[in-house]
Amino acid sequence: MEDRNNRVQVNLPTEKLEEAISIAKQRDLKKEKFGSKSYNNSYRSSEDVHIVGAVGEAAVAHLFGVEIDKTIFHDRGDAGVDNKVETYGNIEVKTTTYWKNPSLRVPAYRPNKDIDHYVLCYVDKKDYSNVWVIGTAKREDVVNRPKRKLCKDGPLNYILEESELEKLNDSLLPSQQ
């Protein structure tokens, strides 16, 4: 049985959602130089993947009352640190479109030493404004997990299931939410 009581819904204002989508579209331009790849023959476009990720980042930024990282690298991926929050330190947001049985997946080839916490979000791919924070994990708890692939051609990841994530500590959130 799945317990969704730990999830926190984020009401992302329209202007922050639009800003996230704009950032994602700019980030997606690097595919012209590097191309894009789907590990499981996904029907989702590269742009959609960027949008889902940026919306998750924007939701976490909004929840903690900080700004989304607007940095765009056209020659490589992002720097890894999505937000800096006083109570959690450097955060990297991982976003899924799986409501049922979501998992935090962190690429095993580059666990960023600058990250203090990973935060897993759910974004509804049919309604980008439907965002939930599923849970969080300390970096050291993530990188001490066994590495595995979710599909044959997929990348090697550290994977934590929802039941292994910590609940977001409501007392650490700004009171304006």
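Entry 1: I sorted the residues lining the largest cavity and got four nonpolar, one polar and three charged. For that I counted Ala, Val, Leu, Ile, Met, Phe, Trp, Tyr, Cys and Pro as nonpolar, Asp, Glu, Lys and Arg as charged, and the others, Gly among them, as polar. A cavity here is a set of points on a 1 Å grid over the protein atoms alone where a 1.4 Å probe fits but cannot get out, and lining residues have an atom within 4 Å of a point.

A friendly note on the ground rules: this is a predicted model, where local features need pLDDT of at least 70, side-chain atom pairs count only at pLDDT 80 or more, and totals for chains, interfaces and linings use all residues. Residues are numbered from 1 along each chain as its sequence is written, and side-chain values use heavy atoms, with hydrogens and water left out.

**Entry 2: who lines the space.** I listed K16, E19, A58, A61, H62, V66, E67 and I68 around the largest cavity. Two elements, α1 and α3 (46-64), each give two or more residues to this lining. Helices are DSSP runs of H or I with at least four residues, strands are runs of E with at least two, and both are numbered from the N terminus.

**Entry 3: E18.** I found E18 in helix α1 (residues 14-28). E18 counts as exposed because its relative accessibility is 52% (exposed is over 50%, buried under 20%, partly exposed in between, with a 1.4 Å probe and protein chains only).

**Entry 4: strand β4.** I saw that four of the five residues in β4 (residues 103-107) are buried. β4 pairs with β8 (residues 157-161) in the antiparallel sense over five bridges; pairing needs at least two DSSP bridges. R105 has I159 of β8 as its bridge partner.

Notes:
On a 1 Å grid over the protein atoms alone, a cavity is a set of points where a 1.4 Å probe fits but cannot get out, and a pocket is an open set with protein on both sides within 12 Å along at least five of seven lines; lining residues have an atom within 4 Å of a point.
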